[in-house]
Amino acid sequence: MNMINVAVIGYGFAGKHFHTYLVGLTPGLKLYGIAARDAEVRERAKQERGCRTYESFEEAIADPAVDLVVLATPHHLHGPQAIAAMEAGKHVVTDKVMCLSVAECDAMMEVSRRTGKLLTVFHNRRWDGDFLTLKKTIADGVLGPPDSVKWIEMAWQKFTAPAPQKWRGQRSSGGGRIFDLGAHLLDQLLVIFPQPVKSVHCSMHTDWPESDVESHAMITVELEGAATAICDVGCMTRSPKARFYAVGPAGTFVKNNIDPQEAAMIAGDIDAAREEEAHYAHITHANGERVMPTIPGRWRSFYENVADVLLHGAEPAVKLPEMRRLLSVIEAAFESARTGQVVRLSSSGS
């Protein structure tokens, strides 16, 4: 096999602007089909992407020509759809978040092992330019020896009232900031701090009267080695915090604004993404301040890795044990918010 036929399930914002677009740029992957329930959406997808369409998820996974299914569907559907697709002989990429619980993650992982089908998760923001810059700054010892950087905060905040009639405004469907951008931030934090998680505490507000998703949440993760990771997300913020704030004995790293790839991708050319110099990171140290140019981000790398895994036997860049660890932290955060208590995790659970 020298070409992987891909069916994307869902042609909303993520399906249209992220998955079908990036699959179409990836050597070894062919955008073969798009599934959408609405006839007008199917017609638009056919015109915009030039591929076949399916009326349902079930029709797509029944097609023997489909090798890989991408789930750009509401979060609560990822688990059952991924399991059904793997049982039907398809490899699977789920959009983040992978699913809504550790138990659901375990069930998905078991089916992946039994069927031998790839299961991975679209954590494209591991290839954000600002995150790549932070990782290199730490690895190069700019803030001190890498293991001395033990305090990192990440924030993603804006003012966007949730729509309660849509799935992103409903907790039971996996709506809310924690399951959305919070999953990216926590994944980035856990990549930087790979050691076992000791405890999780979450302060959460639900201030929107017509929606049960969080208006603001701050998740504090304590890890072995006296490291602290903080994820701060909200949809009631008109002046956001710094996107990254990292502290080491030799310097402090502060970065504002967000990666420019999404805007460039929506405009039709992700490779045109450029970070303005005004948004470069600043590092403050004993002798003053320096500006750290942003490493160019590359979301293309996710699907290039998927192609390499399926065609050449490479290792998945986003691994299932990492996703289980992430979900254990998210699950603990919701439990902490519910009880008002710190939730302690065992090494096996983190």
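This is a predicted model: local features need pLDDT of at least 70, side-chain atom pairs count only at pLDDT 80 or more; totals for chains, interfaces and linings use all residues.

Residues are numbered from 1 along each chain as its sequence is written, and side-chain values use heavy atoms, with hydrogens and water left out.

I begin with the sheet. Helices (H or I, at least four residues) and strands (E, at least two) are DSSP runs, numbered from the N terminus. Nine strands form an open sheet with mixed pairing, in the order β14-β13-β12-β11-β7-β10-β9-β8-β15; two strands pair if DSSP finds at least two bridges between them. At the edges stand β14 (288-292) and β15 (343-344), each with a single partner strand, so one side of each is left without a neighbour in the sheet. Strands β8 (residues 197-205) and β9 (residues 216-223) pair in the antiparallel sense over 8 bridges. Val-221 in β9 is the bridge partner of Val-200.

I turn to the helix pair. Helix α4 (residues 78-87) packs against helix α5 (residues 102-115) at an angle of about 10°, with their axes 10 Å apart; axes are lines fitted to C-alpha atoms, for helices over the stretch in contact, and angles run from 0 to 180 degrees between N-to-C directions.

Finally, His-91 lies in strand β5 (residues 91-95). His-91 is buried, with a relative accessible area of 16%, where buried means under 20% (1.4 Å probe, protein chains only). Its side chain reaches the backbone nitrogen of Leu-118 at 3.0 Å.

Terms used
Buried means under 20% relative accessible area, exposed over 50%, partly exposed in between (1.4 Å probe, protein chains only). A polar contact is a pair of N or O atoms within 3.5 Å; within protein, one must be able to donate a hydrogen and the other to accept it, and residues adjacent in sequence count only if both atoms are side-chain atoms.
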